[in-house]
Amino acid sequence: MEKTLLIIKPCAVQRGLIGQIITRLENRGLKLVAMKMAQLDKEILAAHYSHLVNKPFYPIIEASMMASPVILTAWEGLQAVSVVREMAGTTDGKKAAPGTLRGDFCMSHQENIVHTSDSLETAEQELARFFKPEDFFDYPSPLLNYLYASDEL
């Protein structure tokens with residue numbers, strides 16, 4: 001099973017969307033394996049967005065991500081990285097398909113509700129950035145056989 005990161009951004013925290021976002025992921029069949037609230041600082045944001053730090057729009061990203069606490073979540077499931085990315089929708093909320101998190105909850109390119117890992121490699125790096133090994137919980141799910149066919153497990 002893959003694990004992936006989803007950050008519920010300050011814009012979603014302030015709008016009271018935390019429960020709806022988590023519910024959608026759980027309803028899809030993904031398993032929440034780690035979660036915490038954190039106030040991100042300049043240092044961790046510079047590491048997380050290292051590929052964007054030198055871009056002229058980076059100060060907007062930094063200010064947005066520091067506007068309030070975020071909810072850091074780790075999800076587990078078959079092809080979790082791609083499933084969560086598809087559920088998030090395209091980065092620009094105005095262009096995101098209805099039914100996706102961004103398509104249903106936002107109209108902005110920056111204030112776009114969530115951050116999701118874009119690959120398994122990135123997910124591993126991001127999860128290690130925000131969580132310690134003891135933050136993860138491995139617990140049995142009685143629903144596993146109802147979420148996946150036996151040949152998928």
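Trainee: Which residue follows α5, and what is its phi?

Mentor: This is a predicted model. G89 follows α5. Its phi is positive, near 90°.

Trainee: Which residues of helix α5 are buried?

Mentor: Start with the general idea. An α-helix has 3.6 residues a turn, so residues three or four places apart point the same way. Now take the case here. Helix α5 spans residues 80–88. Its buried residues are A80, V81, V83, V84, M87 and A88.

Trainee: What do the buried residues of α5 pack against?

Mentor: Look at strands and helices in turn. The strands are β1 (2–8), β3 (70–77) and β4 (114–116). The helices are α2 (18–28), α6 and α7 (120–130).

Trainee: Where is D104, and what does D104 touch?

Mentor: D104 sits in helix α6, residues 101–105. Leave aside residues up to four places away in sequence, and D104 touches R24, P98 and G99.

Trainee: Why does D104 count as partly exposed?

Mentor: Partly exposed lies between the buried limit, under 20%, and the exposed limit, over 50%. D104 has 36% relative accessibility, so D104 counts as partly exposed.

Trainee: How far apart are the C-alpha atoms of D104 and E134?

Mentor: They are separated by 34 Å. Along the chain, D104 and E134 are 30 residues apart.

Trainee: Which residues make the nonpolar surface patch?

Mentor: M1, L144 and L153 make the patch, about 270 Å² in area. A patch residue needs over 30% relative accessible area. L153 has 47%, and is therefore partly exposed. L153 is found in the segment after α8 (144–147).

Key
Residues are numbered from 1 along each chain as its sequence is written. This is a predicted model: local features need pLDDT of at least 70, side-chain atom pairs count only at pLDDT 80 or more; totals for chains, interfaces and linings use all residues. Side-chain values use heavy atoms; hydrogens and water are left out. Patches are made of residues with over 30% relative accessible area and no salt bridge: like charges are joined within 9 Å, nonpolar side chains (Val, Leu, Ile, Met, Phe, Trp, Tyr) within 5 Å. Accessible areas come from the Shrake-Rupley method with a 1.4 Å probe; for residues, only the protein chains shown count as cover. A salt bridge is a side-chain nitrogen of Lys or Arg within 4 Å of a carboxyl oxygen of Asp or Glu. Helices (H or I, at least four residues) and strands (E, at least two) are DSSP runs, numbered from the N terminus. Buried means under 20% relative accessible area, exposed over 50%, partly exposed in between (1.4 Å probe, protein chains only). Contact means heavy atoms within 4.5 Å.
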